[in-house]
Amino acid sequence: MNSTETTEANETMTDQTAEERLEAGSAGEHEHSHEHEHSHEHEHSHEHQHGPSLNPELTREIEVEAPAEEVSKAYRTVVKRYQKLARIPGFRAGKVPESLVRSKFARELRQEVMEALVSARFRQAIEERKLRPVSEPQLLDLQLMDGQPLRFKAAFEVLPEFDVSGYETVRVEKPAVELTDEEFEGEVAHLLESYVTIEPVEEERALVDGDWAEIEFRGEIQPLARTVTEEGAAEPGIPPITGEDVLIEIGGKNTLAAFDDALRGATVGQELRFEVEYPEDFGERRLAGQTVAYDVTVKAIKRKTYPERDEELAKQLGNYASWEDFAQQLRGRAEGRKRESVVMGARNKMLDEVIARYHFPVPESFVERQVDARLERGLRALAQQGMKSEDMRKLDFARLRAAQRDEAEREVRASLVLDRIADVEGVTVAEAEVDNELRILSMQAREPLETLRERMQKDGGLDRMREQLRRERTGMVLYEKLGS
């Protein structure tokens, strides 16, 4: 009998929480994210129902003016171009009267003049005041008429001012990264699960640790206050828990101690009755915190048989030259995974402590964009899981945005702190590193490398990638500097 068919112990027998099962199913996906995404592309159609907002503590407002002569000159320039390009019945190309152009294209003329003058004057004003906006300016009280001065106000956010001195005093203990023999054996056992067979034990003996008991059971969830009838039994209400031909490992790491204690020493055909008190955090919700009375019958004793660790098995596992060759390479990969996992955990704990030291306002525009980015990632995940676009449109995006806000703000704050520390530490990213990331992304997206590079150069994605690489390197620089 192959183990893939029979070794799945019933959830009622194992002490494995829902959180543990979730983590086991998504190992490697969770990372301390300090990514601040300044922009993103909407790949799914949905409405966010939110307008631009600014953090009052970081908002700056300037008044900008341009003389009437400059406004009139800009109008004349645009009008002349329209005269040359306009095609109006009854007039030859380039001969359309100025008055007709001004009346027919009044809205378009104003828009072009505004775009030309407002942008130029705004840039000049912030350069004179040595301001560095980090959000799109919001125009207020715009006054623009031909022959009149241009006047407007612009509100925008700037980066917060804060001092990162003191981060050098944080200390982090570097965990051991060497793979233990027990961990290596676990890796081997996990890899060989699909090659394992489970066979009945023919000799008449009792169950011992390492055996697999094949059982039939019925469990009654005990009410907190039992209602007893004349016959002496509790009133029915909660359906019983039943199972047939269920395999449970005696002494297994996920087997509840109550089952171990009851089954250890039992023989085939023996009937057992015992109670199990489930912990409050048990993975099966209906059993968490409950007491269940079980009637169990031992139907068989079975043993798990692993294949011989020899050259033949090594070739089945990937055409390795020998078992030793396979074991050496498996150990190397397992050590790499462990090192990455424990170092990342320690580094993230250190970064949390560093970031918690600094309190400052964060740009609301950054937070909003980070919320957008988090939602986009979530929507892409839902799409990959098969969720349809029409179902996505029915989601409550206002609620989803609110739920993402705290984490988005934390990520923005982390990015700002890491950027400031990177400046202090002089952290840089070589173009070779950026090129390597691009090649990986190109393969994942199945997009030609140069096409991807050009697109990301235009939409700012390349700069965001460079920023994120710098933050990741800063985290590792701090880990090496502060770790002991």
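Which residues in H12 meet which residues in H15? The close-ups below start from the whole chain and come to that one in the fourth figure, and the model behind them is predicted.

**Figure 1. The whole chain, with its 15 helices and 8 strands.** Before zooming in, here is the overall picture. Of the 484 residues, 37% count as buried. Take contacts between residues at least 6 apart in sequence, and 78% of them join residues at least 24 apart.

**Figure 2. The largest nonpolar core, 33 residues.** Met350, Val354, Val417 and Leu478 are the members that touch the most others here. Helices H9 (323–355), H10 (364–384), H12 (397–425) and H15 (461–482) each give two or more residues to this core. H12 gives the most, with 8 residues. There is also a second, separate core of 28 residues, and Ile62, Ala66, Leu109 and Leu150 are among its members.

**Figure 3. A close-up on methionine 350 and its contacts.** Set aside the neighbours within four places in sequence, and methionine 350 is in contact with Val170, Val172, Gly475, Leu478, Tyr479 and Leu482. Leu478 turns up again in this view: along with Met350, it is one of the residues that touch the most other members of the largest core.

**Figure 4. H12 crossing H15.** This view takes up the opening question. On the H12 side are Ser415, Leu418, Asp419, Ile421, Ala422, Asp423 and Glu425, and they meet Arg470, Arg471, Thr474, Gly475, Val477, Leu478 and Lys481 of H15. By class, the residues of this contact divide into 5 nonpolar, 3 polar and 6 charged. The two axes come within 9 Å and cross at roughly 65°, so H12 is roughly perpendicular to H15. The crossing is left-handed.

**Figure 5. H10 crossing H12.** Here the axes come within 7 Å, with a crossing angle of roughly 120°, and the crossing is right-handed. H10 brings Glu364, Phe366, Val367, Glu368, Gln370, Val371, Asp372, Arg374, Leu375, Arg377 and Leu379 to the contact; what they meet in H12 is Phe397, Leu400, Arg401, Gln404, Arg405, Glu407, Ala408, Glu409, Glu411, Val412 and Leu416. Sorted by class, that contact has 10 nonpolar, 2 polar and 10 charged residues.

**Figure 6. Aspartate 141 and its positive phi.** Look in strand S2 (residues 138–143) for this one. Phi of aspartate 141 is near 55°, a positive value in a residue other than glycine. Is aspartate 141 buried or exposed? Its relative accessible area is 53%, and anything over 50% counts as exposed, so aspartate 141 is exposed.

**Figure 7. Asparagine 319, in the loop between H8 (311–316) and H9.** Asparagine 319 is not a glycine either, yet its phi is positive, at about 60°. With a relative accessible area of 62%, asparagine 319 is exposed.

**Figure 8. Aspartate 261, in helix H7 (residues 257–263).** Relative accessibility here is 56%, so aspartate 261 counts as exposed. How far apart are the C-alpha atoms of aspartate 261 and phenylalanine 274? They are separated by 9.8 Å, with the two residues 13 apart along the chain.

Technical notes: Residues numbered from 1 in each chain as written. Predicted model: local features only at pLDDT ≥ 70, side-chain atom pairs only at ≥ 80, totals over all residues. Heavy atoms only, no water. Core = buried A, V, L, I, M, F, W, Y, C linked by side-chain atoms within 4.5 Å. Buried < 20%, exposed > 50% of the residue type's maximum accessible area, 1.4 Å probe, protein only. Helix = DSSP H or I, 4+ residues; strand = E, 2+ residues; numbered from the N terminus. Contact = heavy atoms within 4.5 Å. Axes fitted to C-alpha atoms, helices over the stretch in contact; angles between N-to-C directions. Parallel < 35°, antiparallel > 145°, perpendicular 65-115°, else oblique. Left-handed = near helix turned anticlockwise from the far one by under 90°. Nonpolar A, V, L, I, M, F, W, Y, C, P; charged D, E, K, R; others polar.
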